[in-house]
Amino acid sequence: MLLQTQVAEEVLARAVSTGADFGEIFMEDQTGQNIILRSGRIETVSSGRTHGAGIRIFVGTRAIYVYTNDTSREGLLACAEKAAAAVNQGTGCKTVPFRVTHAERPEEIPQLPTDVATDRKAEKLREADRAARAYSDEIAQVQIRYLDRVQDVLICNTEGTFVTDRRVYTRMAVSAVASDGKENQSGSMSPGGLMGFEAFEKRIDPAYCGREAARQAVTMLHAPVCPAGVFPVVIDNGFGGVIFHEACGHSLEATSVAYGISEFSGRLGEMIAAPCVTAIDDGTILNEWGSTHVDDEGMPTGKLVLIDHGRLVNYMIDKLGSRRMKMPPTGSGRRESYAWAPTSRMRNTYIAAGEDDEAAMIAEMKEGLYAKYMGGGSVNPATGEFNFAVNEGYWVRDGKIVHPVRGASLIGRGSDVIMKIDRVGRDCRQAQGMCGSISGSIPVNVGQPMIRVSSLTVGGR
Amino acid sequence: MNVQEFMDRLLRTAGKNGIDPAEIYYTDADSFSANAQDTEIDSYEVSSSCSLSIRGSVNGKMGYASTEAFDEEALAYLIRAVKESAALNEAEEQDEIYAGDESYPEIETEEDDLDSVSAEEKLQMALTAEKASREADPRIKQSEGATIQTSVFHAVMRNTHGLKLENARKLYVAYASPIAKDGDATATGFKMKYGRKLRELDPVRLGREAAADAVSQLHAEPVASGEYRIIIRYDAMQSLLSTFVGIFSAENAQQKMSLLAGREGEEIASRVVSITDDPLRKGGLATSSFDGEGSAAFTKAVVDKGVLKTLLHNRRTAKKQGVKTTGNARRAGGMHVAPTNFYLEPGEKTLEELLRDMGDGLLITDVSGLHAGANPISGDFSLLAKGFVIRGGQQAEPVERITVAGNFYQLLKSIRAVGCDLEFPGSAIGSPSVDAGVMAVSGK
């Protein structure tokens, strides 16, 4: 147990003693390992332990957050004192006796990373490296990162929540650089899961990742620059889902909706997307990178339909957002670590499978871009302006793929682009990413089947 | 146990376990942040945190570990992790633990008032800035808040060669992000200030400038796709330089991740481009008398009138290339290379003069999505941008939803003029505005 219930009670009582109407402790002990292979050699192995606690109190819709590494009773009380000092309006709220629970964890972790010898992990990196280098003589460099995390958390609050959870993550990221001496191009693959080292049996194939990253890099090295202009764009499944994540997902988080800032504020029940679009944020998918057991506010996770056949039906809401919006929270409160106050965030967010034929989507598009692998992106939720990179793209003319193109990016306005989705394919896939926002960088999945957007601004040269 | 005791015991225990030499890097930080939104204090954050990393050599191989807990368990964990890490280290060139230089430069520290400003005063400043934004223009209807942050940072480096170095930094950062609306048009504004004397901050001015920024962007539209004459304002250019700064790292060059490898002495940029790395810059965010492995810091020209003078080195990369370290070691897991206060040297013309010289074209004031739309390995970028149409040297209508595309290596060569308005927008990396020549724009 990270924290005894009596100490927790005492700390919470102190935190709310000056008039807060809610108090919470988030305590964390995390062990992680990073391994970096470059130039064919294991270059750095670093292990780290993250340890600390954050105390949060609310006064209406005002939030006060204090965090520390000193998790002794005295350290936590000092922290509670600092939080309480920010409020001065009474004697504090009632506290509900704790219901001590452990989060339900549906996945089994047969090989906890902390129990696996580091050289076994290193061998996986070597395997990916060999495959990438074997792909082509033009591969000038391969960099591979392995990471694992075992995060033990305890979340308790004045509403009686006292829950412990363990989150185990494993991921490998391969980046290959192809060069002809004058120019460099890169390719990458970064699969991961809410899994232990067994991820390498079930999900992560190092040789495949190495080859795929190398293939992308070499393909892009020989690709001309993407033309600029407004075109129809077909976006492939898997990481292609980053378009929904950026164009729409962030703007459905209470972080912007609760303040009326989002372009989707106040539009519940309206048709905000084309009727072929159903979008879901699901924390319950077994072993997925963005899945959760309980959120970082202690609420059990769930599956949330955001857009149902074009109609906006739900927002993603954390506790504070819930107070502002006067709507129940959705288990969406997440944070990078104790050093961040939680806010509403995505989990595994994807466009659900539709009924359109993938081959016909390209055949019927005349001239445009086929984006096979997407890179990351960003959005300004207030204006809805988004952008993201196309890591591997192909130019389509007369409905046929004619050649690869490099350096493309896609920009637009979220509310506009989700109206312009005119085809949704049948094969929905998930892919892993890190998402950054005001509560830090957290693991999320993006996902979709192949989709087509009837017109989108393609940035190129 | 207290941290001092923990560090003493850790260095002793390391030696007993065959980790020799060994080095500790300890940091502690205190921070405060308050955000005003919708005319009230919406969030308030206080923190104190510390962390310790250790590296040590086992049979000539370096191992690394870090912790935020300081108990018996953490001590045993660090020793075990360093040994395990070292055992797997296959790097051809190993980092060394350095006994230190004979002397270190004096850093001129700026006075600060951060300890004397109360939490209440900081809250008032945030509220004042947010209110000033709202009152500046009737079209400011909302805000993403106004924030005042202060932080105190302290670092200690100790090793078994007897080296002990310390560094401390204090800072405030203040910013306002109002939202302007007019009919269907929405635009976000942003203005940031930072420094060491919080009482010298004028929160009303901060709020008003942020409001003016938002309003100026209302009703922005894309321009037609094509090639345009482009001036990149200091803040957008700073974003680009920050994204591509890694090309100046000898570590990246040696790993074939930078096309500047082996090009010292060659012309890699236009004659108007000079770039400096200055760890001694007064008030800089990366100012320090020593680098991540204890080498004395010094100021150096990286690019002088277009010619690449040196890449940035730590002791390992310098040794490999047969040169001296430039004092740019950075700890991050292992030992890497990073710039300190790194900037494009200013020229003589004001932004207005640059615009007048250009005549017709675009002024780019913001680029976004750099983590995705810019590829630090190829130098290619294609970025969502905002700015203004420039007509006859004058700022005309606002522009948004365009991309500006190019290649950073080529951009360095095509810069025609550099402005005098060098700024470090809340960063150790700085730039003035530049006349970037002709670039490809994708719009409508």
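A salt bridge is a side-chain nitrogen of Lys or Arg within 4 Å of a carboxyl oxygen of Asp or Glu. Keep in mind that this is a predicted model.

**Exercise 1. Find which residues are linked in a network of salt bridges.**

Step 1. Look for Lys or Arg on one side and Asp or Glu on the other, as the cut-off of 4 Å applies to such pairs.

**Exercise 2. Work out which parts of chain B are tied together by Lys282(B) and Glu108(B).**

Step 1. Check the distance: the closest N and O atoms of Lys282(B) and Glu108(B) are 3.5 Å apart, and the pair forms a salt bridge.

Step 2. Locate both ends. Lys282(B) is in the loop between strand 9 (275–277) and strand 10 (300–304), while Glu108(B) is in the loop between helix 2 (72–88) and helix 3 (119–136), so the bridge ties together parts of chain B that are 174 residues apart in sequence.

Step 3. Now the surroundings. Lys282(B) has 46% relative accessibility and counts as partly exposed, whereas Glu108(B), at 55%, is exposed.

**Exercise 3. Decide whether Lys300(B) is buried or exposed, and do likewise for Asp277(B): buried or exposed?**

Step 1. Start with the link: the side chains of Lys300(B) and Asp277(B) meet in a salt bridge, with 2.7 Å from N to O.

Step 2. Lys300(B) sits in strand 10 and Asp277(B) in strand 9 of chain B, so this pair ties together parts 23 residues apart in sequence.

Step 3. Apply the cut-off: buried means under 20% relative accessible area. Lys300(B) has 8%, so put it down as buried. Asp277(B) has 0%, so that one is buried too.

**Exercise 4. Describe the open sheet in chain B and say which strands are at its edges.**

Step 1. Strands of a sheet pair through backbone hydrogen bonds, either parallel or antiparallel.

Step 2. Read off the order: five strands of chain B run 11-10-9-14-19, with mixed pairing.

Step 3. Strand 11 (307–308) and strand 19 (429–430) each pair on one side only, which makes them the edge strands.

Step 4. Zoom in on one pairing. Strand 10 and strand 11 of chain B run antiparallel and are joined by two bridges. Asp304(B) has Val307(B), in strand 11, as its bridge partner.

**Exercise 5. Describe how chain A and chain B meet: how many residues does each give to the contact?**

Step 1. Count them: chain A gives 75 residues and chain B gives 74.

Step 2. Turn to area. The two chains bury about 5900 Å² between them, 48% of it on carbon and sulfur atoms. On the chain A side, Arg49(A), Asn184(A) and Arg461(A) lose the most area to chain B, together 12% of what that side buries.

Step 3. Look for links across the interface. There are six salt bridges and 36 residue pairs in polar contact. Arg324(A) and Asp42(B) form a salt bridge, their closest N and O atoms being 2.6 Å apart.

Step 4. Sort the chain A side by class: 24 nonpolar, 36 polar and 15 charged residues touch chain B.

Step 5. Finish with strands. Strand 3 (residues 62–68) of chain A runs parallel to strand 2 (residues 40–58) of chain B, with six bridges joining them. In this region, Ile64(A) stands opposite Tyr44(B).

Methods:
Residues are numbered from 1 along each chain as its sequence is written. Chains are lettered from A and ligands numbered from 1 in the order in which they are written. This is a predicted model: local features need pLDDT of at least 70, side-chain atom pairs count only at pLDDT 80 or more; totals for chains, interfaces and linings use all residues. Side-chain values use heavy atoms; hydrogens and water are left out. Helices (H or I, at least four residues) and strands (E, at least two) are DSSP runs, numbered from the N terminus. Buried means under 20% relative accessible area, exposed over 50%, partly exposed in between (1.4 Å probe, protein chains only). Contact means heavy atoms within 4.5 Å. Buried area is the accessible area (1.4 Å probe) that two parts lose on being put together, summed over both. A polar contact is a pair of N or O atoms within 3.5 Å; within protein, one must be able to donate a hydrogen and the other to accept it, and residues adjacent in sequence count only if both atoms are side-chain atoms. Ala, Val, Leu, Ile, Met, Phe, Trp, Tyr, Cys and Pro count as nonpolar, Asp, Glu, Lys and Arg as charged, and the others, Gly among them, as polar. Two strands pair if DSSP finds at least two bridges between them.
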